[in-house]
Amino acid sequence: MPKKTKTIYMCSNCGEDFPKWQGHCQHCGQWDTISEFKQPRLKQGTSRVSQLQSDSQEIVDLSSCKPSAISRNSCGFPEVDRVLGGGIVPGSLVLVGGNPGIGKSTLLLHIAGFATANNLSVLYVSGEESLEQLSLRSKRLGLSKVPINVFTETATEPILNTIDTLKPSIVIIDSIQTIFSEELESAPGSVSQVRDCTAILMKYAKHSQTALFLIGHVTKDGAIAGPRVLEHMVDTVLYFEGDSSYQYRILRTVKNRFGPSGEIALLAMSDRGLEEVKNASEFFLMHRDTPQVGTAIVPILEGSRILVVELQSLVNPTHFGLPQRVASGINPKKLSLLIAVLERYTGVSLGDHDIFFNITGGLTVSEPAIDVSIAAALLSSFRNTPIRNGLAFIGELGLGGEIRPVNNMTLRLKELEGMGFKECVVPRPKKQNDWISPHMNIQLITCENIKYLGDILF
Ligand code: TYD
Ligand code: MG
């Protein structure tokens, strides 16, 4: 008698499977996310996947293959097109992940509306919201007159039948965690359902050259499979980031088979949906013209885009107990390390001071290019003297106090110059005028070691 089901243990965060149950996933490091799954063995030839798999394929010589030029469709936001690598590619599978409530459904309804208005056929499959909710949202987005095809269904089979008859160019699945296949026994949202439904939809998308957008919620508990389970299957992975207490949202490419990864688009949530932020590089600058104590400015690189951001620190004498070290936007260990380097090479003593650090706008930065600006912000607050107007900082700090160059120095300096900055503290270049051309109107102040930073600043 052949066995009907197979038992496996799978992590709902990363999708890794194990032969036995364990409390800790060795693959992604999460606790209590592994649970038992009974995978039914499907009868050969009954499922849609096996039907599609049975289509015979020939072996071809790769050099004889002439790829046709991809005609991409715009999604209505030039920034999002850029993040996608130049627009929506027919037959591609795009996963849009993010925390619940960040704006995934809003973004995709915008895209559905734009594509429909531009004579592309779109099918928006919603397994989460009712028609009333969707129509209310479309009114808010100004899409009440656009005839978007909406289908509120959660079973894969009717969805595939509808796609078969409608033959849309773009299908949006909101969300993949609500979709289930009747051929599988496990509950909707479980790893096996999410994976198998995606596999079925992917085969369809590739066959019919339909662009497929899947929404996936990032989940904290292990009951629902997170979008990471699908990352290896899809062509493009976009993550929606941002703090719900701020208006802005960052859409970041984590993986892209049709363009560079690491690109970001800056969007802002308003009462009429999402809008593009036009002057993204200046968006995080708040007190440019009035120098403030403890504030330093640095250009950071996000994908191919430079954002000029403001760092703030507050250094106060400790009145009680152990000195506090509170960092938001950077790794607290990095702050401790920079404080140690600063104490050693600049002679300041911070052991009896509380230190608070923040990046304005709620951004998180892990680039080493911000090291020197963190040190400058700390020194400024410690000496209670503001850093002069129009001065920015670029450089990585070594444990010997040396300041090292970072990647894309020229791009960063160009952006600063374009925004009207007059001076920038930089490491020593290998050759003179390595990073700037003579006609660039920004003065470089070379600083080889952190011990000279105080002399430059005050
Ligand atoms: P939503 O797209 O439903 O999030 P997700 O699909 O990622 O769960 O966005 C929900 C949030 O966005 C909600 O808190 C309300 C807010 N929002 C606006 O501020 N303005 C708008 O025009 C819309 C449609 C939503
Ligand atoms: Mg939603």
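Where is the place of Asn119?

Analyst: Asn119 is in the loop between H3 and E5. Before we walk out from there, some ground rules. This is a predicted model, where local features need pLDDT of at least 70 and side-chain atom pairs count only at pLDDT 80 or more, while totals for chains, interfaces and linings use all residues. Residues are numbered from 1 along each chain as its sequence is written, chains are lettered from A and ligands numbered from 1 in the order in which they are written, and side-chain values use heavy atoms, with hydrogens and water left out. Helices (H or I, at least four residues) and strands (E, at least two) are DSSP runs, numbered from the N terminus.

Now, Asn119 itself. It has a positive phi of about 65 degrees, although it is not a glycine. For background, most residues other than glycine have a negative phi, and most peptide bonds are trans. Asn119 counts as exposed because its relative accessible area is 74%; the cut-offs are under 20% for buried, over 50% for exposed and partly exposed in between, with a 1.4 Å probe and protein chains only. You'll find Asn384 in the loop between helix H8 (371-383) and strand E17 (391-393), and it is exposed because its relative accessibility is 57%.

Two strands pair if DSSP finds at least two bridges between them. Five bridges join E5 to strand E7 (residues 170-174) in the parallel sense, with Ile170 of E7 as the bridge partner of Val122. E5 also runs parallel to strand E6 (residues 149-151), over three bridges, and there Leu123 stands opposite Asn149. Ser175 lies in the loop between E7 and helix H6 (191-208).

A residue is near a molecule if one of its heavy atoms lies within 4 Å of it. There are 16 residues around ligand 1, and Gly101, Ser105, Thr106, Ser270 and Gly273 come nearest. Helix H3 (104-117), helix H4 (131-140) and strand E11 (264-270) each supply at least two residues of this shell; H3 gives the most, with three. By type, the shell has three nonpolar, eight polar and five charged residues. Here Ala, Val, Leu, Ile, Met, Phe, Trp, Tyr, Cys and Pro count as nonpolar, Asp, Glu, Lys and Arg as charged, and the others, Gly among them, as polar.

As for polar contacts, these are pairs of N or O atoms within 3.5 Å; within protein, one must be able to donate a hydrogen and the other to accept it, and residues adjacent in sequence count only if both atoms are side-chain atoms. A side-chain N or O atom of Thr106 is 2.5 Å from an oxygen atom of ligand 1. A nitrogen atom of the ligand lies 3.1 Å from a polar side-chain atom of Arg140, and a polar backbone atom of Ser270 is 2.7 Å from a nitrogen atom of ligand 1. Taken alone, ligand 1 exposes 560 Å², and the protein buries 75% of that; accessible areas come from the Shrake-Rupley method with a 1.4 Å probe, and for residues only the protein chains shown count as cover.

To step back, the chain has ten helices and 21 strands, and its C-alpha trace spans about 80 × 50 × 50 Å along its principal axes. Of the 458 residues, 50% are buried.
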